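Open the model in your viewer and keep the selection panel at hand. The stops below say what to select and what is there.

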Number of protein chains: 2
Amino acid sequence: MQTLQEKASQWSGVDTADAFAIDDTNMFQKLGLQIFINLSTNFYTRVYDDEEEEWFRSIFSNSKKEEAIQNQYEFFVQRMGGPPLYSQRKGHPALIARHRPFPVTHQAAERWLYHMEKALESTPDIDADSRVKMMNFFRHTAFFLVAGDELKTQKQQIPCKHAASKPAES
Amino acid sequence: MQTLQEKASQWSGVDTADAFAIDDTNMFQKLGLQIFINLSTNFYTRVYDDEEEEWFRSIFSNSKKEEAIQNQYEFFVQRMGGPPLYSQRKGHPALIARHRPFPVTHQAAERWLYHMEKALESTPDIDADSRVKMMNFFRHTAFFLVAGDELKTQKQQIPCKHAASKPAES
């Protein structure tokens, strides 16, 4: 059986080493807090204004834009070498579990990445090397979450299969 | 509805600030790689030798001890200020999702913590301050995972709604 990581690499076309090249240099020290805030603001402004793909925008309709921005940039800052803002406020990122309420399909991953690429290109002061590294990280992570989303379906089948409660296979 | 974090704090008795006091100083720089390897080796030796609570040991019966040790110390090193060893090898920690195969009950959390406390006390060169900080982090995290474990049950009920059990509360 393929691991989450193997699925993420296969579907994204980004291998693990390239995805985690964000750790080669301290991106937070290089870019600073304000650029991360600007990037996430730029990204979610595009998402909440996505009139071309209403199905995508509707995924976020139960979330407040300001909160979505904060959750995102705090996680990015923490993951890319900055202070652990996200954990101090919300605990472990637990990326897959926290995406459970959302339908993280291949199509949704691609639309997320489409907006993120535009946001990265149009946020001032993000150099080309950082942009490439972040995009590889985001692409791999998006498909890691698609792989994680499939776990929901796998697990759902268990209790229905035999009508009751046979122990789960590991 | 309580968040994962709120449940973790309530059940563990450790608030978020105390749990993430591991970030106040760089624990990896303070302790070094070898101490993390020793701690996890000590911990899993106790777990795999747990003859008092066979139900607990059996949770790990499908996992190789050497691999369990490596997964654990690589995550601890990464989370406590060291190089991102875990992600380079396995991707995002995704703590809740990766614990899905295991029954992370309140009782299992307590037994895990029992062994970890013993391991912390008997691993040489871990100072008292680090021990307290790590134990708070572990205690909070263990119950964060218990809270995460409950998501499995919530989700399982959905497809069975008309076949058997009561509908899931959101």
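The tour goes from whole chains to single residues.

**Before you start**

This is a predicted model, in which local features need pLDDT of at least 70 and side-chain atom pairs count only at pLDDT 80 or more, while totals for chains, interfaces and linings use all residues. Residues are numbered from 1 along each chain as its sequence is written, chains are lettered from A and ligands numbered from 1 in the order in which they are written, and side-chain values use heavy atoms, with hydrogens and water left out.

**Stop 1: both chains**

**Stop 2: chain A as a whole**

Chain A has 10 helices and 0 strands. Helices (H or I, at least four residues) and strands (E, at least two) are DSSP runs, numbered from the N terminus. The C-alpha atoms of chain A fill a box of roughly 55 × 35 × 30 Å along the principal axes. For 170 residues a compact globule would have a radius of gyration near 15 Å, and the 17 Å of chain A agrees with that. This radius is taken over C-alpha atoms, and the globule rule is 2.2 Å times the number of residues to the power 0.38.

Of the 170 residues of chain A, 49% count as buried. Buried means under 20% relative accessible area, exposed over 50% and partly exposed in between, with a 1.4 Å probe and protein chains only. Among contacts in chain A between residues at least 6 apart in sequence, 73% join residues at least 24 apart.

**Stop 3**

Select residues 4–12 of chain A, which form helix H1. Leu4(A), Gln5(A), Lys7(A), Ala8(A), Ser9(A) and Ser12(A) are buried there. Just after H1(A), Gly13(A) has a positive phi of about 75°.

**Stop 3: aromatic pairs**

Show the Phe, Tyr and Trp side chains. How many aromatic pairs does the structure hold over all chains? There are 28. Rings (for Trp, the six-membered one) pair if their centres lie within 6.5 Å; planes under 30 degrees apart count as stacked, over 60 as edge-to-face and the rest as tilted.

Zoom in on Tyr44(A) and Phe60(A): their ring centres are 5.9 Å apart and their planes stand at 75°, so this pair is edge-to-face. Tyr44(A) lies in helix H4 (residues 33–48) and Phe60(A) in the loop between helix H5 (54–59) and helix H6 (65–79), so the pair ties together parts of chain A that are 16 residues apart in sequence. Tyr44(A) is buried at 9% relative accessible area, and Phe60(A) is buried at 10%.

Next, select Trp55(A) and Phe56(A), another edge-to-face pair, with 5.7 Å from centre to centre and 75° between the planes. Trp55(A) is partly exposed at 29%, whereas Phe56(A) is buried at 2%.

**Stop 4: a loop residue, Val104(A)**

Val104(A) is in the loop between helix H8 (95–98) and helix H9 (106–122) of chain A. Is Val104(A) buried or exposed? With a relative accessible area of 12%, Val104(A) is buried. Leaving out residues up to four places away in sequence, Val104(A) touches His99(A), Ala142(A), Leu145(A), Val146(A) and Asp149(A). The C-alpha atoms of Val104(A) and Ala142(A) are 8.3 Å apart, though 38 residues separate them along the chain.

**Stop 5: the core of chain B**

Switch to chain B. In the largest nonpolar core, which has 52 residues, Phe36(B), Met80(B), Met116(B), Met134(B) and Phe138(B) touch the most other members. Such a core is a set of buried Ala, Val, Leu, Ile, Met, Phe, Trp, Tyr and Cys residues joined through side-chain atoms within 4.5 Å. H10(B) gives the most to this core, with 11 residues.

Centre on Met80(B). Not counting residues up to four places away in sequence, its contacts include Ile22(B), Phe36(B), Met134(B) and Phe138(B).

**Stop 6: Ser40(B)**

Finish at Ser40(B) in helix H4 of chain B. Ser40(B) is buried, with a relative accessible area of 0%. Beyond four places away in sequence, Ser40(B) touches Ile69(B), Gln72(B), Tyr73(B) and Phe76(B).

Key: Contact = heavy atoms within 4.5 Å.
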